[in-house]
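Student: I am new to this structure and would like to learn how to read it. Please take me through it feature by feature.

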Amino acid sequence: MLLHVCCAPDATVAVERLRMAKIEPVLFFYNPNIEPEEEFDRRLQAVVKLSQLCNLKLIALEKGKEEWHKSVADFLNLGERSKRCEECIRHRLIVTAQFASDMGYGVFATTLTTSPKKDAKLINSIGAELEKQFKISYMPSDFKKKDGFLRSVQLSRELGLYRQNYCGCLRSLQEREEKNALRARQR
Ligand code: SF4
């Protein structure tokens with residue numbers, strides 16, 4: 001299995017649950033949405049650390065910025081959980097499915113469903129579309145279920161993994177800062 005990893009904390013519980021099902025995934029880090037560059041490096045380093053701690057192979061693709069920007073360009077001003085995020089997720093899963101298919105993996109999946117802010121139904125429907133397009137199986141998931149998100153928080157703490165405080169793109173960072181400023185004014 002090729003497991004698309006959006007970040008180390010979200011991957012912890014996914015790996016734990018896959019291993020319970022006797023699946024040893026190869027981790028695949030492809031997230032050109034993460035900005036700025038220092039943040040990208042911090043999140044990638046956290047995934048490297050997780051792969052070493054779990055003794056799992058990691059493949060990291062450090063490219064795709066331009067293509068990613070094109071895929072969300074028309075929706076940049078929409079907020080989180082909008083069409084912007086749908087296209088961002090679709091882009092990352094297309095590249096994952098293409099890579100998995102080209103490299104002869106039997107199945108692909110994603111850790112994106114660990115986050116309570118992500119719609120597993122939408123993610124799984126994109127996965128199902130790509131399954132047909134790239135002729136490779138997609139494993140639907142909802143890793144946040146059964147306290148999966150809480151478990152990911154606990155495991156990341158235990159393993160000393162960096163946990164980010166915004167989704168990834170510069171717009172999401174801005175949106176987070178605007179929310180914090182509003183909260184501060186309301187106090
Ligand atoms: S908020 Fe997150 S999912 Fe949405 S476009 Fe930005 S990085 Fe992608």
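Student: Where is the place of Arg-81?

Tutor: Helices and strands here are DSSP runs, a helix being H or I with at least four residues and a strand being E with at least two, numbered from the N terminus. Arg-81 has its place in the loop between helix 3 and helix 4. Before going further: this is a predicted model, in which local features need pLDDT of at least 70 and side-chain atom pairs count only at pLDDT 80 or more, while totals for chains, interfaces and linings use all residues. Residues are numbered from 1 along each chain as its sequence is written, and side-chain values use heavy atoms, with hydrogens and water left out.

Student: Is Arg-81 buried or exposed?

Tutor: Buried means under 20% relative accessible area, exposed means over 50%, and partly exposed lies in between, with a 1.4 Å probe and protein chains only. Arg-81 has a relative accessible area of 54%, so it is exposed. Its phi is near 75°, a positive value in a residue other than glycine.

Student: What is the phi of Lys-146?

Tutor: Phi of Lys-146 is near 55°, again a positive value in a residue other than glycine. Lys-146 belongs to the loop between strand 5 (137-138) and helix 6 (148-159). With 78% relative accessibility, Lys-146 counts as exposed.

Student: Which residues does the cis peptide bond join?

Tutor: The cis bond joins Glu-35 and Pro-36, with omega about -5°. Pro-36 lies in the loop between strand 2 (26-29) and helix 2 (37-54).

Student: Which residues surround the ligand?

Tutor: A residue is near a molecule if one of its heavy atoms lies within 4 Å of it. By that rule the ligand is surrounded by Asn-33, Glu-80, Arg-84, Cys-85, Cys-88, Arg-92, Lys-118, Cys-167, Gly-168, Cys-169 and Ser-172. Helix 4 (residues 83-102) gives the most to this shell, with 4 residues.

Student: How do the residues of the shell divide by type?

Tutor: For this count, Ala, Val, Leu, Ile, Met, Phe, Trp, Tyr, Cys and Pro are nonpolar, Asp, Glu, Lys and Arg are charged, and the others, Gly among them, are polar. The shell divides into 4 nonpolar, 3 polar and 4 charged residues.

Student: Where does the ligand sit?

Tutor: On a 1 Å grid over the protein atoms alone, a cavity is a set of points where a 1.4 Å probe fits but cannot get out, and lining residues have an atom within 4 Å of a point. A molecule sits in a cavity if more than half of its atoms lie within 2 Å of its grid points. Here the ligand sits in the largest cavity.

Student: Which residues does the UniProt annotation "binding site" cover?

Tutor: UniProt positions are given in the numbering used here, feature names are shortened, and annotations may be inferred rather than shown by experiment. The annotation, from an unreviewed entry, covers Cys-6, Cys-7, Cys-85 and Cys-88. Of these residues, Cys-85 and Cys-88 are included in the lining of the largest cavity.

Student: What is Cys-85 in contact with?

Tutor: Contact means heavy atoms within 4.5 Å. Leaving aside neighbours within four places in sequence, Cys-85 is in contact with Gly-79 and Glu-80. Cys-85 has its place in helix 4, and its relative accessible area of 15% makes it buried.

Student: Where is Cys-6 found?

Tutor: Cys-6 is in the loop between strand 1 (2-4) and helix 1 (8-20). Its relative accessible area is 8%, so Cys-6 is buried. Not counting residues up to four places away in sequence, Cys-6 touches Phe-29, Asn-31, Ile-34, Arg-92, Thr-111 and Leu-112.

Student: How is the separation between Gly-64 and Asn-31 to be read?

Tutor: Gly-64 and Asn-31 are 33 residues apart along the chain, and their C-alpha atoms are separated by 8.2 Å. Gly-64 is found in the loop between strand 3 (58-60) and helix 3 (65-72). Gly-64 is buried, with a relative accessible area of 12%.

Student: How far apart in space are Val-26 and Arg-163?

Tutor: Val-26 and Arg-163 are 21 Å apart, C-alpha to C-alpha, and 137 residues apart in sequence. Val-26 lies in strand 2 and, at 14% relative accessibility, counts as buried.

Note on methods
On a 1 Å grid over the protein atoms alone, a cavity is a set of points where a 1.4 Å probe fits but cannot get out, and a pocket is an open set with protein on both sides within 12 Å along at least five of seven lines; lining residues have an atom within 4 Å of a point.
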